[in-house]
Amino acid sequence: MNKLTFLCFLALLALPLRLADKKHSPRHPDRFDIFSKLDTLEVQEPEDDEFEFLELPNWESDHGSKALLNVDAFGAVGDGVSDDTKAFVDAWKKACSTRKSVILVPEGKRYLVNATRFKGPCAEKLTIQIDGTIVAPDDPKTWDPDNPRTWLGFYNLSKVFFQGKGVIDGSGSKWWEASCKRNKSNKCKGAPTALTIDSSSAVRVKDITIQNGQQMHFVIGRSESVRVTGVKVSAPGDSPNTDGIHITESTNVVLQNCEIGTGDDCVSIVNASSNIKMKNINCGPGHGISIGSLGKNNSTGKVEKILLDTAFVRDTTNGLRIKTWQGGSGYVREVRYQNVRMENVSNPIIIDQFYCDSPKTCQNQTSAVEISGIMFKNITGTSRTRIAMKFACSDTVPCTDLVLNNIDLQREDGAVETYCNSASGFDNGHVHPSADCLSSSALQEKEEVITKSGSEHIIHTEL
């Protein structure tokens, strides 16, 4: 055998090893491109210079050139019983028309305020300083029928700063008791959102506490360049539909150093939202950090460029979740979850294209919201359920390009598993439980096992 023939023989022997290596490594050209794209995903943030004007007021000074408008000066009593709505509205009208104004809600008082819409546009550099407590009426029967879904709503604003150590309290307990999710004999109807920021830009929210929301606590809608820092959201774990921070139709939103514990999603991101960054999020109790739901009633949902970096999720019914309804359309793509610690979490990682938040069984449909390009990186902790990772995807619109990088999920009282249906992708580094079902051959075997055990993936009703 001459030298050339011998070298060709060695090359042929090495070929299967190379192919096997490519099969399991992101260094395969296609997989490397997917891995690199998701691992370097950048999410645009609001420019810092947009907030240079938002200087913290120095209450010990003469307030400089700022116009200080104390709600007490407009007739607010602050005893938690008297109706202070008019005083807040009058203070708003004055502040909105005055450049560099500050509305002050003083500490040590409770201000009862009815459902109110605070509308702009306003003069530049408006600050709402909440140091006391703003409390909602507690009886749904006396709620303003003109604002059935809103308590404190702020609209069409630009360059506004909400801040302070105070509390926005939705007094939600009677609303929860009237919910059909608490009692099936109750009529199902919506309840107000505690705080809404809508159709606004260059908004900053810092340090305030929002608690006991009638339904959702804090909605950011149709807005751009919003930064939320150090906000605390809290409600009992059994309070129905009390999402912590809900983002819809918004771009360039940052949530940072927030502590959220409610009866529903800590964070929920829905249609027409992109460039959302979450960092240092403490979540629990609740239903986890969610994208969706999307696609309900055959609607279109589009969410892309979402980054969660550093979170602690404890005692929740889900961890990192993407949820879509059958029959929808659109997409969820370019998402990276990284550096997340789980503790006693059911469904730590879950993609569910069979989501069904309905008292009736949802009809099987072929169309679905397309889910692709999702990375889970450096996810550790404990699962309360056997299925620690669940990728329940549509047979007609499968989940693609799912990437698992350094996953270690354990269970204190048993083994954990990964479940796949119509999901493809790959793993890299240490991944436990194994995600072999993301490969086509293992996927087929897994589907056969599930089918024999009763097709348990068909109905999903976890809220």
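Let's start with the S-S torsion of Cys 266 and Cys 283: it is about 80°, so this disulfide (a pair of cysteine sulfur atoms within 2.5 Å) is right-handed. The two sulfur atoms sit 2.1 Å apart. Cys 266 is in the loop between strand E18 (251-261) and strand E19 (267-269), while Cys 283 is in strand E20 (residues 273-283), so the bond ties together parts 17 residues apart in sequence. Strands (E, at least two residues) and helices (H or I, at least four) are DSSP runs, numbered from the N terminus. Cys 266 is buried at 0% relative accessibility, and Cys 283 is buried at 0% too; buried means under 20% relative accessible area, with a 1.4 Å probe and protein chains only.

A quick word on the model, please: it is predicted, local features need pLDDT of at least 70, side-chain atom pairs count only at pLDDT 80 or more, and totals for chains, interfaces and linings use all residues. Residues are numbered from 1 along each chain as its sequence is written, and side-chain values use heavy atoms, leaving out hydrogens and water.

How many disulfides does the structure hold? Six, and they follow the pattern 1-2, 3-4, 5-6, 7-8, 9-10, 11-12, counting bonded cysteines along the chain.

Now look at Cys 420 and Cys 437, joined with S to S at 2.0 Å. The torsion here is about 45°, so this disulfide is right-handed. Cys 420 is buried at 0%, and Cys 437 is buried at 6%.

And which hand does the Cys 393 and Cys 399 disulfide have? Its torsion is about -95°, so it is left-handed. Both Cys 393 and Cys 399 are buried.

Conventions. Buried means under 20% relative accessible area, exposed over 50%, partly exposed in between (1.4 Å probe, protein chains only).
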